[in-house]
Amino acid sequence: MEPGDAAIVCDGLTKRFGELIAVDRLSMRVDFGEVFGFLGPNGSGKTTTIRMLCGIITPSEGAGSVLGFNIATQGEEIKQRVGYMSQRFALYEDLTVVENLEFYAEVYQYPRGRLRERLRELISMADLTGRERSLAAHLSGGWKQRLALACAIVHQPPLLFLDEPTAGVDPVSRRRFWTMIYSLAGQGITIFLTTHYLDEAEHANRVGMMHAGRLIALDTPAILRQRGLRGSLFELQCEPVMAALESLPKVSGVREVTLYGTMLHVVTDLDWDAEKLTTRSAETGLQVSSVRRIAASLEDVFVSLIRPERSAEGEE
């Protein structure tokens, strides 16, 4: 298993629940050693994908492999070799920190002769020193998150699935959690992480963007920011803002307008500059305070990519 080899391969992976297509013909690969960000809003198919890859549910169509094992027929082999931290990781709140770690070590049949040293490593990594005898129920959200991650890697898996691991925790805890992820990646563990926080996806080596069960983009954050936006991007401050949201999209050459706080992000044809946007905005009756060209964020790219899809689905 060398960097560049495939830890995960998906080929036309599809999952249906009745008439609902939760994952639609997903094809991609994740190499060993990657931190792979799987990005999309709730309901886009991220969790269903992880559950298929972990051998928890079987695909309706297509094929996939994880660590060389077939996801449809070798689910038990996969479960023993990967770590999985779900959105609601099953910590036992009536057990202490150490007791939770010991329980999962037993589930994964971790060698008893090495367990004490392994527990010390995990408690130190998760910064839980001094809380070993605390009940999980008495831990804050951030501490529970760290303990859940430690339980997911107690058996030293080469591949770790993290499903929305920072949902509902404070910014400081999120930052601390990412420090732990980088530490694990530095040890050679492959990380497959789902999130709907676009700023978190910036930390990944590569990002797959999901919308309505389909993979709509896949590349490094830098390339997605550079090539994913279909036009030039400007930050516009004007009055009245709500009127601008209605009038600017009707201007020829303006491709999309999105509200960001009290500012607007405006995507135009590539040949536009700030002066042209100022002039055309004023022609619609807007009072423009400032216009500047800005670099695209992953959020800008994602919004730009899903707009045609939403239009095709009749959502606008």
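Biologist: Which strands does helix α5 lie across, and at about what angle does helix α5 run to β6?

Modeller: Bearing in mind that this is a predicted model, helix α5, made of residues 141–152, lies across β6 and β7 (159–163), and its direction makes about 160 degrees with that of β6.

Biologist: What is the order of the strands in the sheet that contains β6 and β7?

Modeller: The general idea is that strands of a sheet pair through backbone hydrogen bonds, either parallel or antiparallel. Here six strands form an open sheet in the order β6-β7-β8-β3-β9-β10, and the pairing is mixed. At the edges stand β6 (82–85) and β10 (214–219), each of which pairs on one side only, and the twist from one strand to the next averages 15 degrees.

Biologist: How many bridges join strand β3 and strand β9, and in which sense do they pair?

Modeller: Strand β3, residues 35–39, and strand β9, residues 206–211, pair in the parallel sense over four bridges. To find the pairing in the structure, you can look for phenylalanine 36, which stands opposite arginine 206 in β9.

Biologist: What is the order of the strands in the open sheet of four strands?

Modeller: That sheet has the order β12-β13-β11-β14, with antiparallel pairing. The edge strands, each pairing on one side only, are β12 (254–260) and β14 (287–293), while the twist averages 25 degrees from one strand to the next. Helix α10, residues 274–283, packs on this sheet and touches β11, β13 and β14, with a direction at about 155 degrees to that of β14. Within the sheet, strand β11 (residues 232–239) and strand β13 (residues 263–268) pair in the antiparallel sense over five bridges, and leucine 236 stands opposite leucine 264 in β13.

Biologist: Which residues does alanine 244 touch, if residues up to four places away in sequence are not counted?

Modeller: Alanine 244, which is found in helix α9 (residues 241–247), touches Cys238, Pro249, Leu264 and Leu286 when those sequence neighbours are left aside. Take leucine 264 as an example: alanine 244 and leucine 264 are 20 residues apart in sequence, and their C-alpha atoms are 8.5 Å apart in space.

Biologist: How many residues of helix α1 are buried?

Modeller: Helix α1, residues 46–53, is mostly covered, for six of its eight residues are buried, namely Lys46, Thr48, Thr49, Ile50, Met52 and Leu53. Just after α1 comes glycine 55, which takes a positive phi of about 80 degrees.

Biologist: How many helices and strands does the whole chain have?

Modeller: The chain has 11 helices and 14 strands, and its C-alpha trace spans about 75 × 45 × 35 Å along the principal axes. Of the 316 residues in the chain, 51% are buried. The chain exposes about 15,000 Å², of which carbon and sulfur atoms supply 48%. Finally, among contacts between residues at least 6 apart in sequence, 69% join residues at least 24 apart.

Technical notes. Residues numbered from 1 in each chain as written. Predicted model: local features only at pLDDT ≥ 70, side-chain atom pairs only at ≥ 80, totals over all residues. Heavy atoms only, no water. Buried < 20%, exposed > 50% of the residue type's maximum accessible area, 1.4 Å probe, protein only. Helix = DSSP H or I, 4+ residues; strand = E, 2+ residues; numbered from the N terminus. Pairing = 2+ DSSP bridges. Axes fitted to C-alpha atoms, helices over the stretch in contact; angles between N-to-C directions. Contact = heavy atoms within 4.5 Å. Areas by Shrake-Rupley, 256 points an atom, 1.4 Å probe, with all protein chains shown as cover.
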